[in-house]
Amino acid sequence: MSDFREQALHYHSHPVPGKISIELTKPAETVQDLALAYSPGVAEPVREIAADPANAYKYTGKGNMVAVITNGTAILGLGNLGPLASKPVMEGKALLFKRFAGLDSIDIEVKHNTTEDFINTVANIADTFGGINLEDIKAPECFEIEKALIERCSIPVFHDDQHGTAIVTAAGMINALEVQGKDIEDAIIVCLGAGAAAVACMELLIKCGALREHIYMLDRKGVIHTRRDDLNEYKQLFANNTDKRTLQDVIADADVFVGVSGPNLLAPEDLKLMADKPVVFACSNPDPEISPELAHSARNDLIMATGRSDYPNQVNNVLCFPFIFRGALDVRASKINDEMKIAAVDAIRSIAKEPVPVEVLKAAGVDKLEFGPEYIIPKPMDPRLLPRIAKAVAQAAIDSGVARIDMPENYMA
Ligand SMILES: NC(=O)C1=CN([C@@H]2O[C@H](COP(=O)(O)OP(=O)(O)OC[C@H]3O[C@@H](n4cnc5c(N)ncnc54)[C@H](OP(=O)(O)O)[C@@H]3O)[C@@H](O)[C@H]2O)C=CC1
Ligand SMILES: CC(=O)C(=O)O
Ligand SMILES: [Mg+2]
């Protein structure tokens with residue numbers, strides 16, 4: 001067994017199996033405590049909530065609780081390995097919610113037959129939570145699932161692999177293009193992958209100024225073009241009227257490569273075909289489309305990012321989901337809309353341009369981090385992410401009319 005594999009398995013199994021547990025927030029020692037916590041005292045909040053469901057926020061943990069829900073059909077870049085095998089990833093997301101945003105989070109792995117079955121299961125338990133983070137559900141089913149749940153649930157439902165990834169990708173991409181001296185409006189963009197992350201990343205880049213006709217998207221069969229008759233409705237939106245058919249055809253002279261597909265799919269020879277000063281986001285987890293070592297050995301004018309913690313420029317949805325949910329829940333937003341997503345993009349981008357706190361340098365194990373090719377996006381352990389993103393998102397929720405309460409007093413001061 002390799003050292004790292006051994007360490008990872010040991011981490012997950014010791015001192016107790018798994019990464020999360022539940023803690024009590026109230027005393028439960030004496031007869032009096034138990035009389036309040038359970039029978040008869042518990043009947044009082046029951047009556048209050050029955051009279052007004054909003055009281056669930058006052059008397060239960062609902063308002064600080066996010067469910068991480070999956071069916072295990074697209075576990076990282078490992079594929080469809082089923083609900084149970086996805087549990088370590090979902091517990092990992094719950095760990096990150098708690099560590100970075102103080103949100104309680106529980107993982108739920110759903111076995112189901114039909115898409116409708118999954119939607120009904122989640123919709124029927126939704127009221128238990130303040131928000132629902134859908135995770136690692138493959139395309140195209142993820143699009144229908146998210147849409148149906150947003151319609152049926154009165155709490156924020158957010159497919160992290162779509163929108164969390166898109167927000168962080170957009171923030172990193174705009175910063176990287178700025179460092180390379182390029183405009184997003186002019187950039188020729190190649191997106192390898194045409195699933196949940198790919199479609200959402202490209203749609204958000206378009207909202208940020210990229211031109212749809214400058215985007216070449218590829219799936220397992222190659223370039224998505226207008227003469228293909230095997231495209232689902234989501235891929236069709238990216239069908240390009242072109243004779244180009246292969247990755248090599250489209251990557252020649254491209255400014256940007258975004259990989260949200262699978263491991264080791266971009267060769268150094270492909271990278272050499274790109275325009276001067278390219279931006280390469282190889283975001284597949286755990287193994288990127290090309291390793292930073294290979295990419296940097298192929299050329300020295302690129303900006304490189306991966307989804308991993310152990311290289312510079314981690315473009316990973318962890319920079320978004322804990323904080324966007326924090327802001328959304330704290331003003332009891334009914335949904336997470338485009339205004340809130342763009343607010344998160346801007347907040348993430350701006351932090352990367354400011355001096356980095358010493359504690360972040362220490363945690364990253366480096367002496368210096370300065371906005372530039374090796375630092376286009378903040379580190380996940382940056383303490384500024386929570387107040388800045390959560391506040392920007394909460395404000396955007398209020399301004400766009402989806403908040404159900406005012407900004408809490410001195411919020412994130
Ligand atoms: N860094 C980050 O924050 C994140 C990274 N990701 C990564 O993105 C990847 C995709 O995740 P997600 O979108 O949720 O999964 P989906 O299953 O929804 O989509 C996967 C897409 O990748 C395409 N693909 C797979 N293998 C190849 C290949 N050999 N050549 C071309 N295209 C290929 C599939 O093509 P087809 O349609 O033909 O099947 C599909 O379009 C994963 O590796 C995941 O780890 C995802 C979310 C966040
Ligand atoms: C990071 C993440 O959500 C993924 O790779 O699926
Ligand atoms: Mg994921």
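**Entry 1: ground rules**

I number residues from 1 along each chain as its sequence is written, with chains lettered from A and ligands numbered from 1 in the order in which they are written. Since I am working with a predicted model, I note that local features need pLDDT of at least 70, that side-chain atom pairs count only at pLDDT 80 or more, that totals for chains, interfaces and linings use all residues, and that side-chain values use heavy atoms, with hydrogens and water left out.

**Entry 2: salt bridges**

I looked up the salt bridges, taking one to be a side-chain nitrogen of Lys or Arg within 4 Å of a carboxyl oxygen of Asp or Glu, and found that the structure holds 27 of them. Side chains of opposite charge can pair when their charged atoms come close.

I began with D219, where the salt bridge to R228 has its closest N and O atoms 2.8 Å apart. For burial I use relative accessible area, with buried meaning under 20%, exposed over 50% and partly exposed in between (1.4 Å probe, protein chains only). R228 is buried at 14%, and D219 is buried at 15%.

D219 also forms a salt bridge with K235, and here the closest N and O atoms are 3.0 Å apart. Because D219 lies in strand β6 (residues 215–219) and K235 in helix α10 (residues 233–236), this pair ties together parts that are 16 residues apart in sequence. The helices (H or I, at least four residues) and strands (E, at least two) that I name are DSSP runs, numbered from the N terminus. K235 counts as buried, with a relative accessibility of 17%. I then noted that salt bridges with shared partners join D219, K221, R228, D230 and K235 into one network.

I also looked up R308, which forms a salt bridge with D310 whose closest N and O atoms are 2.6 Å apart. R308 is partly exposed, its relative accessible area being 22%.

**Entry 3: surface patches**

I next turned to patches, which are made of residues with over 30% relative accessible area and no salt bridge, like charges being joined within 9 Å and nonpolar side chains (Val, Leu, Ile, Met, Phe, Trp, Tyr) within 5 Å. The accessible areas come from the Shrake-Rupley method with a 1.4 Å probe, and for residues only the protein chains shown count as cover.

I located E144 in helix α7 (residues 141–152), where E144 is partly exposed at 45% relative accessibility.

Y38, V42 and V46 make a nonpolar surface patch of about 310 Å², and I placed V46 in helix α3 (residues 43–51).

**Entry 4: backbone geometry**

I recorded a cis peptide bond between S39 and P40, with omega at about 15 degrees, and P40 sits in the loop between α2 (31–37) and α3. The bond from A139 to P140 is cis as well, with omega near 0 degrees, and P140 belongs to the loop between β3 (131–134) and α7.

K277 has a phi of about 45 degrees and lies in the loop between α12 (268–272) and β9, where K277 is partly exposed with a relative accessible area of 40%. N313 has a phi near 55 degrees and is placed in the loop between β10 (303–306) and α14 (321–330); N313 is buried at 2% relative accessibility.

Contact here means heavy atoms within 4.5 Å. Beyond its neighbours within four places in sequence, V279 is in contact with M173, A176, L177, Q180, D255, V256, F257, M274 and I303. I also checked V279 against D186, 93 residues apart along the chain, and their C-alpha atoms are separated by 13 Å.

Finally I looked up R384, which sits in the loop between α16 (358–364) and α17 (385–399) and is buried with a relative accessible area of 14%. Setting aside neighbours within four places in sequence, R384 is in contact with I351, E354, P355, V356, P357 and Y375.
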